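Good morning, everyone, and thank you for making the time. I would like to walk you through some side-chain contacts in one model, so please have a look at the sequence and the structure before I go on.

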Amino acid sequence: MENERTMKDMQQEVDRYISQFKEGYFPPMELLARLTEELGELAREVQHVHGMKKKKSDEAEKSLEEELGDLFFVLICFANSNGIEMDRALGTVLEKFRTRDRDRWTKIGEE
């Protein structure tokens with residue numbers, strides 16, 4: 001696919017965007033607050049789409065994709081501002097799951 005980007009590409013793209021502003025990245029606690037806020041907005045959309053608590057008629061409807069994108073952007077900002085390579089962080093976590101949880105769940109075809 002022509003639009004495929006690596007995690008590193010995405011982190012660099014966000015960094016180029018943020019780097020054009022004097023203010024730069026928000027401090028860690030501000031970014032954590034923003035992550036929490038964006039997660040709450042995503043939760044609200046999930047509740048509206050899949051849950052029992054639908055939005056009121058005067059509440060704006062947003063897509064799950066938009067809210068997930070907002071959360072992902074702030075997560076990348078947090079990683080960048082702390083010098084974390086997200087692909088390496090994810091690789092570490094996946095390896096932990098592959099070893100620690102290898103027998104925790106029933107694999108398809110092994111019932």
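I will speak about aromatic rings, then about a glutamine, and then about charged pairs.

Please keep in mind throughout that this is a predicted model.

Let me begin with the aromatic rings, where a search of the whole structure comes up with two pairs. In one of them, the ring centres of Tyr17 and Phe21 are 5.2 Å apart with their planes at 75 degrees, and because planes over 60 degrees apart count that way, this pair is edge-to-face. The other partner I want to mention for Tyr17 is Phe73, and this aromatic pair is also edge-to-face, with 6.2 Å from centre to centre and 70 degrees between the planes. Where do Tyr17 and Phe73 lie? Tyr17 belongs to helix 1, which covers residues 7-19, while Phe73 belongs to helix 3, residues 64-81, so the pair ties together parts that are 56 residues apart in sequence. Taken together, the ring pairs link Tyr17, Phe21 and Phe73 into a cluster. As for accessibility, Tyr17 is partly exposed at 43%, Phe21 is partly exposed at 38%, and Phe73 is partly exposed at 29%.

Let me turn to Gln11, which is also placed in helix 1. Is Gln11 buried or exposed? Gln11 has a relative accessible area of 9%, and because the cut-off for buried is under 20%, we call this residue buried. The side chain of Gln11 makes a polar contact of 2.6 Å with the side chain of Asn80. If we leave aside neighbours within four places in sequence, the residues in contact with Gln11 include Ile76, Ala79, Ile84 and Met86, as well as Asn80 itself.

Finally, the charged side chains, for which the structure holds eight salt bridges. One of them joins Glu67 and Lys62, whose closest N and O atoms are 3.9 Å apart; here Glu67 is buried, with a relative accessible area of 2%, whereas Lys62 is partly exposed at 34%. Another salt bridge brings together the side chains of Arg104 and Asp101, at 3.9 Å from N to O, and in this case Arg104 is exposed at 54%, while Asp101 is buried at 13%. Through shared partners, salt bridges join Arg100, Asp101 and Arg104 into one network. I will also mention Asp103, which forms a salt bridge with Arg102 and is exposed, with a relative accessible area of 66%.

Thank you, and I am happy to take questions.

How values were computed
Residues are numbered from 1 along each chain as its sequence is written. This is a predicted model: local features need pLDDT of at least 70, side-chain atom pairs count only at pLDDT 80 or more; totals for chains, interfaces and linings use all residues. Side-chain values use heavy atoms; hydrogens and water are left out. Rings of Phe, Tyr and Trp (its six-membered ring) pair if their centres lie within 6.5 Å; planes under 30 degrees apart count as stacked, over 60 as edge-to-face and the rest as tilted. Buried means under 20% relative accessible area, exposed over 50%, partly exposed in between (1.4 Å probe, protein chains only). Helices (H or I, at least four residues) and strands (E, at least two) are DSSP runs, numbered from the N terminus. A polar contact is a pair of N or O atoms within 3.5 Å; within protein, one must be able to donate a hydrogen and the other to accept it, and residues adjacent in sequence count only if both atoms are side-chain atoms. Contact means heavy atoms within 4.5 Å. A salt bridge is a side-chain nitrogen of Lys or Arg within 4 Å of a carboxyl oxygen of Asp or Glu.
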